[in-house]
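Please read the sequence and the model side by side. The report below takes up the helices, the sheet and a few individual residues in turn.

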Amino acid sequence: MGGKQIYKMEKFELFDFQKEAWQTCMDLIQSPKPKPSIVCAPVAYGKSGVISEVARTAGMPCLVLQPSSELLKQNLEKLRLLGGDATVYSASLNTKEMSELTYATLGSVKNLGKEFKKQGIKLLLIDEADSGYPPDKMSMFMKFVRDLGPHCAIGFTATPLYLKNSMEG
């Protein structure tokens, strides 16, 4: 038979190195006063799998932020392959639903921190934490985080530096 063979993945399981990152996140989440933290892992590490497994197994209401709808779809697919599911809050995907586990884009929820807090969200996971989430006190991201007031916030990135342009470059 000619043509391409299409492979559909029915289930996904974390590799051992991803399970180690997952366990580190779980230890942080379960600590009494966790500090905001960053998981730094190289490109192609499978951060979307780690993020989704943390979100699925955290045992507390969770919001997962992504900078784009493309990453949201990728992360949601991993969650579903791990046996979980979530609502989606993204204007670009024409879906605006909140639940105990929501995958969202920041631009769509930037003014809804207090609403997510009312939903009971305690855990904030941030994919591509180096991209589009300025740490400036007056940024829409920091306002959102202040309004949400999560018990725990964990960022995920392959680029552990926040770069910004200046007169020097």
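This is a predicted model: local features need pLDDT of at least 70, side-chain atom pairs count only at pLDDT 80 or more; totals for chains, interfaces and linings use all residues.

The residues of α3 that are buried are Ser69, Leu71, Leu72, Asn75, Leu76, Leu79 and Leu81. Their cover includes helix α2 together with the strands β2 (62-66), β3, β5 and β6. Just after α3, Gly83 adopts a positive phi of about 100°.

## The chain as a whole

The protein chain holds six helices and seven strands, and along the sequence these follow the pattern α-β-α-β-α-β-β-β-α-α-β-α-β. Of its 169 residues, 44% are buried. Among the contacts in the chain with a separation of 6 or more, 71% are between residues 24 or more positions apart. The chain exposes about 10100 Å², and carbon and sulfur atoms supply 54% of that area.

## The sheet

The seven strands of an open sheet are arranged in the order β1-β7-β6-β2-β5-β3-β4, with mixed pairing. Its edge strands are β1 and β4, each of which pairs on one side only. Helix α1 packs on this sheet, where α1 touches β1, β6 and β7, and the direction of α1 makes about 160° with that of β7.

On the β1 side of that order, β1 and β7 run parallel and are joined by four bridges, with Val39 opposite Phe156 in β7. Strands β6 and β7 also pair in the parallel sense, over five bridges, and here Leu124 stands opposite Ala153 in β7.

## Strands β2 to β5

Five bridges join β2 to β5 in a parallel arrangement, and the bridge partner of Leu63 in β5 is Thr102. Strand β5, residues 101-105, is also joined to β3 by three bridges, again running parallel, and in this pairing Val88 has Tyr103 as its partner in β5.

In a regular strand the side chains alternate between the two faces of the sheet. In β3, residues 87-90, Thr87 and Tyr89 point one way and Val88 and Ser90 the other, and all of them are buried. The pairing of β3 with β4, residues 95-96, is antiparallel and rests on two bridges, with Ser90 opposite Thr95 in β4. The hairpin that these two strands form has four residues between the strands, and in it Asn94 takes a positive phi near 55°.

## Helix α1

Helix α1, residues 16-30, has 15 residues and reaches 21 Å from its first C-alpha to its last, close to the 21 Å expected at 1.5 Å a residue. Its buried residues include Gln18, Ala21, Cys25, Met26, Leu28 and Ile29. These residues cover an arc of only 160° around the axis, which puts them on the same side of α1. The face turned away from that buried side carries the exposed residues Asp16, Glu20, Thr24 and Gln30. What covers the buried residues of α1 includes β1 (37-40), α2 (47-57), β6 (123-127) and β7 (152-157).

Is Thr105 buried or exposed? Thr105, which has its place in strand β5, has a relative accessible area of 8%, and because the cut-off for a buried residue is under 20%, Thr105 counts as buried. Leaving aside residues up to four places away in sequence, Thr105 touches Leu65, Gln66, Ser68, Ser69, Leu72, Tyr89 and Ser90.

Cys40 lies in strand β1 and is partly exposed, with a relative accessible area of 45%. Cys40 and Ala158 are 118 residues apart in sequence, yet their C-alpha atoms are 5.4 Å apart in space.

Notes: Residues are numbered from 1 along each chain as its sequence is written. Side-chain values use heavy atoms; hydrogens and water are left out. Buried means under 20% relative accessible area, exposed over 50%, partly exposed in between (1.4 Å probe, protein chains only). Two strands pair if DSSP finds at least two bridges between them. The expected span of a helix is 1.5 Å times one less than its number of residues. The arc is that of the directions from the helix axis to the C-beta atoms. Contact means heavy atoms within 4.5 Å. Accessible areas come from the Shrake-Rupley method with a 1.4 Å probe; for residues, only the protein chains shown count as cover. Axes are lines fitted to C-alpha atoms, for helices over the stretch in contact, and angles run from 0 to 180 degrees between N-to-C directions.
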